[in-house]
Amino acid sequence: MSDDTTYRFLNTGVQDAALNMAIDEAVLVHHLRGDAPPTLRVFRWTRPSISLGRFQNVEREIDTPRCDELDVALVRRPTGGRAVYHRDEFTYSIVIGKRYGVPSGVVAAYAYLAQGILAAMQNLGIQAELSDERVSKHPSAACFASSTQADLTSGGYKLVGSAQVWREDALLQQGSLPLDDRAAEFFSMLRFPSDEARESELALYREKTLPLHAFAPQAAWDDVAGAFRTGFSMALGTAFVPGELSASEWALARQLVEEKYSKLEWR
């Protein structure tokens, strides 16, 4: 693609868990082929869902009968990190490559793309910063229970968690911003050695994390989507123009659902 490539903004609306993950991979594959521009996507979920990090152990970390009881879908992400609960939250992904200015290396790329999220938060009236914490030595199964260098905080509270995967010279970064506090519900679906351990981890989580509505009570999902589009446009110096998935991207996404994301053990 030429240097005057138009960056794309996608709002793919409400999709099920498997299709949401498949769409992200389909965009990455097309970007690597030169058939899709850098793409920022925002999306929702047909029902409450937990996305698992690429290498998480489902049996050890997730109470699947409890998920069934609450009608919560499970899906494995192509990116790393810990489990994320997708209910009353905002989810984004971005696909972009080195040829568009992204620096090499996961930490450097996180810092580069974090400028877009920082600008998005500023658009919502929130002053945030990139966390300088290292990964916890005792990480919970829950993504938001521990901050890493990929996370944004405000006033010491974690706001946005992100995870990344590189393929050749391009990356997919996926992230979540809780709008409301669903922590107790989420933690009821995670495995802990005892109820006391669960309550202790939940208390720790609430000491470290606040949802967006604690900072910006009136911000609706669409407001956040607009702030992300504007924020990334400002940070990367290029407008993200609303677009659509191509027929080829849709076809590959549906194929990936069947072959991969409809299963939890595709590793």
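Mentor: Start with glutamate 249, which sits in helix H8. Keep in mind that this is a predicted model.
Trainee: Is glutamate 249 buried or exposed?
Mentor: Buried. Its relative accessibility is 1%, so it falls under the 20% cut-off.
Trainee: What does glutamate 249 touch, skipping residues up to four places away in sequence?
Mentor: Arg8, Ala26, Val27, His30, Ala36 and Glu244.
Trainee: And which backbone nitrogen lies 2.7 Å from a polar atom of its side chain?
Mentor: That of serine 246.
Trainee: Which other residues of H8 are buried?
Mentor: H8 covers residues 247-261. Besides Glu249, the buried ones are Leu252, Ala253, Leu256, Val257, Lys260 and Tyr261.
Trainee: What do they pack against?
Mentor: Strand E1 (7-15), helix H1 (17-33) and strand E4 (73-76).
Trainee: New topic, the sheet. What's the strand order?
Mentor: E7-E8-E9-E10-E6-E2-E1-E11. That is 8 strands in an open sheet with mixed pairing.
Trainee: How do E7 and E8 pair?
Mentor: Antiparallel, over 2 bridges. Glutamate 129 stands opposite threonine 153 in E8.
Trainee: Which sheet strands does H1 touch?
Mentor: H1 packs on the sheet against E1, E2, E6, E9 and E10. Its direction makes about 170° with that of E2. Helix H4 (residues 106-123) packs on the sheet too, touching E6, E7, E8, E9 and E10. The angle between the directions of H4 and E9 is about 135°.
Trainee: Now the largest nonpolar core. Which residues touch the most other members?
Mentor: Phe90, Tyr92, Met121, Leu177, Leu212, Phe228 and Phe232, out of 36 residues. At least two core residues come from each of E1, E2, E6, H4, E9, E10 and H7. Another core, of 24 residues, lies apart from it; Val27, Val29, Ala253 and Leu256 are among its members.
Trainee: Back to leucine 212. What is it in contact with, leaving aside neighbours within four places in sequence?
Mentor: Met121, Leu124, Ile126, Leu159, Leu177, Pro178, Leu179, Ala219 and Val224.
Trainee: Last one. Where is serine 233 found?
Mentor: In helix H7, residues 221-236. Serine 233 has a relative accessible area of 16%, so it counts as buried, under the 20% cut-off. Beyond neighbours within four places in sequence, serine 233 contacts Thr238, Ala239 and Phe240.

How values were computed. Residues are numbered from 1 along each chain as its sequence is written. This is a predicted model: local features need pLDDT of at least 70, side-chain atom pairs count only at pLDDT 80 or more; totals for chains, interfaces and linings use all residues. Side-chain values use heavy atoms; hydrogens and water are left out. Buried means under 20% relative accessible area, exposed over 50%, partly exposed in between (1.4 Å probe, protein chains only). Helices (H or I, at least four residues) and strands (E, at least two) are DSSP runs, numbered from the N terminus. Contact means heavy atoms within 4.5 Å. A polar contact is a pair of N or O atoms within 3.5 Å; within protein, one must be able to donate a hydrogen and the other to accept it, and residues adjacent in sequence count only if both atoms are side-chain atoms. Two strands pair if DSSP finds at least two bridges between them. Axes are lines fitted to C-alpha atoms, for helices over the stretch in contact, and angles run from 0 to 180 degrees between N-to-C directions. A nonpolar core is a set of buried Ala, Val, Leu, Ile, Met, Phe, Trp, Tyr and Cys residues joined through side-chain atoms within 4.5 Å.
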